[in-house]
Amino acid sequence: MIQPARATARTQVAVIGAGPAGLLLAHLLAQDGIDTIVVETRTQEYVAARIRAGILESASVELLTAAGLGDGIAAHGDEHRGIYLQWPGERHHLDFVDLVGRSVWVYGQTQVQHDLVVASEAAGRAVIYGVTDTALHDLDTDRPSVTFTTADGASERIEADVVVGCDGSFGPSRSAMPASVRRTWERTYPYSWLGVLADVAPSTDELIYGWHPDGFALHSMRSADVSRLYLQVPNGTDVDAWSDDRIWDSLQTRLGEGIDGWSLAAGPITEKSVLPMRSFVQSPLRHDRLFLAGDAAHIVPPTGAKGLNLAIGDVALLAPALAAWLRSGDRSLADAYSDTALRRIWRCEHFSWWMTSMLHTSADPFDAQLQLSQLRWVTSSNAGAAGLAENYAGLPFGF
Ligand code: RFL
Ligand code: PHB
């Protein structure tokens with residue numbers, strides 16, 4: 001079949017995916033004088049409205065601030081010293097600042113994405129939304145390319161020095177790594193989260209992670225007027241089986257049982273969805289001229305609040321590595337990127353699995369006793385608490 005002629009654009013770095021990893025990479029590379037073109041399959045409005053992560057580690061806040069993206073965090077972010085861990089009858093505060101000298105920030109991924117889009121538009125950077133048929137080519141040559149169809153049906157090609165896959169779990173970049181070098185590790189969990197967003201002031205000053213025989217519950221927040229709450233539910237749960245009343249009753253039971261004088265304020269639920277939980281890593285993160293960053297390379301269950309922070313951490317390593325290569329021909333950081341990033345990725349994979357395993361209940365009474373023992377240790381031993389705090393508040397990029 002004769003293929004239609006493609007319009008060809010040339011750039012230094014072709015980025016696939018305009019989520020936080022892709023837009024932040026384009027932003028940091030621009031600061032080093034490197035050109036990018038970003039292609040994104042969704043519309044700009046869809047990407048902006050997606051409700052996802054809520055917590056930034058201090059290293060993420062420092063990086064965003066140093067990159068000129070910190071105004072929103074300073075104005076609307078909420079710095080938290082730690083979290084509460086609880087089980088029926090006991091609630092304990094872990095103060096990360098006292099334990100490890102670092103805090104975390106409540107600042108939603110929606111807001112991070114908004115800040116990145118504003119910066120990208122202000123700088124006039126090329127981001128092409130609504131593309132289909134994204135495909136990667138010639139990654140083992142010095143002229144790799146990405147082809148796609150634009151929203152109005154035109155066939156286009158971007159030729160670049162390197163291609164970076166920031167296209168999350170369902171994009172084409174992960175599988176563009178040759179099968180001969182690719183290795184994957186995966187764990188699925190026998191439960192999901194039912195997440196709700198509610199127009200009600202949070203009933204807590206800092207996040208509450210609650211173990212309960214009925215299942216895990218989490219009280220998070222987005223602002224002084226908006227709460228974000230989660231309930232452990234079985235896989236395959238139909239969101240329609242959970243009326244608003246059932247959700248509030250379950251949250252009150254799981255988060256309030258035996259906690260004297262505490263009650264959960266209910267309010268209008270504005271969003272409700274079920275999120276499956278998965279751990280996944282693909283290695284290496286670089287082969288020839290293809291690099292992976294963010295969810296394209298790894299997935300964590302959300303219990304440790306690491307997904308967005310890991311994406312930021314990858315990009316924090318990758319941007320200077322690509323800049324050194326493309327500006328001065330120095331490939332040493334690019335060569336080291338995969339191994340350096342994977343050290344921190346596996347630490348966060350372990351932490352996310354550990355938090356998930358400690359807090360989600362199964363039908364096994366032996367497991368329940370182990371979990372309660374672990375929770376008592378983490379909340380009563382300085383060593384246990386500091387280990388959790390160090391991981392939750394986040395290790396330095398490049399760890
Ligand atoms: P993203 O944000 O998924 O962005 C990838 C982008 O690539 C686009 N894309 C393509 N573009 C062009 N061509 C193609 N063929 C493409 N295929 C895909 C996608 O449309 C998308 O815009 O990945 P990134 O940038 O690596 O950022 C990672 C974070 O988004 C992610 O780790 C977290 O949001 C994970 N996550 C959560 N993490 C937490 O720490 N706490 C949470 O509460 C939390 N909630 C969530 C989440 C992830 C979710 N997903 C992925 C289903 C809730 C949800 C629903
Ligand atoms: C959130 O606010 O969405 C959130 C916070 C902490 C987590 C997971 C999700 O561990």
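The structure, a predicted model, holds 11 aromatic pairs. Rings of Phe, Tyr and Trp (its six-membered ring) pair if their centres lie within 6.5 Å; planes under 30 degrees apart are stacked, over 60 edge-to-face, and the rest tilted.

Start with Trp185 and Trp346. Their ring centres are 5.5 Å apart and their planes stand at 85°, so this pair is edge-to-face. The pair links distant parts of the chain, 161 residues apart: Trp185 in strand β14 (residues 183-198) and Trp346 in helix α10 (residues 332-359). Helices (H or I, at least four residues) and strands (E, at least two) are DSSP runs, numbered from the N terminus. Trp185 has 29% relative accessibility and counts as partly exposed. Trp346 is partly exposed too, at 38%. Buried means under 20% relative accessible area, exposed over 50%, and partly exposed in between (1.4 Å probe, protein chains only).

Next come Trp193 and Tyr230. Their centres lie 4.5 Å apart with planes at 45°, so the pair is tilted. Trp193 lies in strand β14 and Tyr230 in strand β17 (residues 227-234), so the pair ties together parts 37 residues apart in sequence. Both Trp193 and Tyr230 are buried. They also belong to one aromatic cluster, with Phe96, Tyr209, Phe216, Phe351, Trp354 and Tyr392.

Charges meet rings as well. The charged end of Arg42 sits over the ring of Tyr46, 4.1 Å from its centre. Arg91 lies over the face of Trp262, 4.5 Å from the ring centre. The test is NZ of Lys or CZ of Arg within 6 Å of the ring centre and within 35 degrees of the ring normal.

Residues are numbered from 1 along each chain as its sequence is written, and chains are lettered from A and ligands numbered from 1 in the order in which they are written. Local features need pLDDT of at least 70, side-chain atom pairs count only at pLDDT 80 or more, and totals for chains, interfaces and linings use all residues, while side-chain values use heavy atoms, with hydrogens and water left out.
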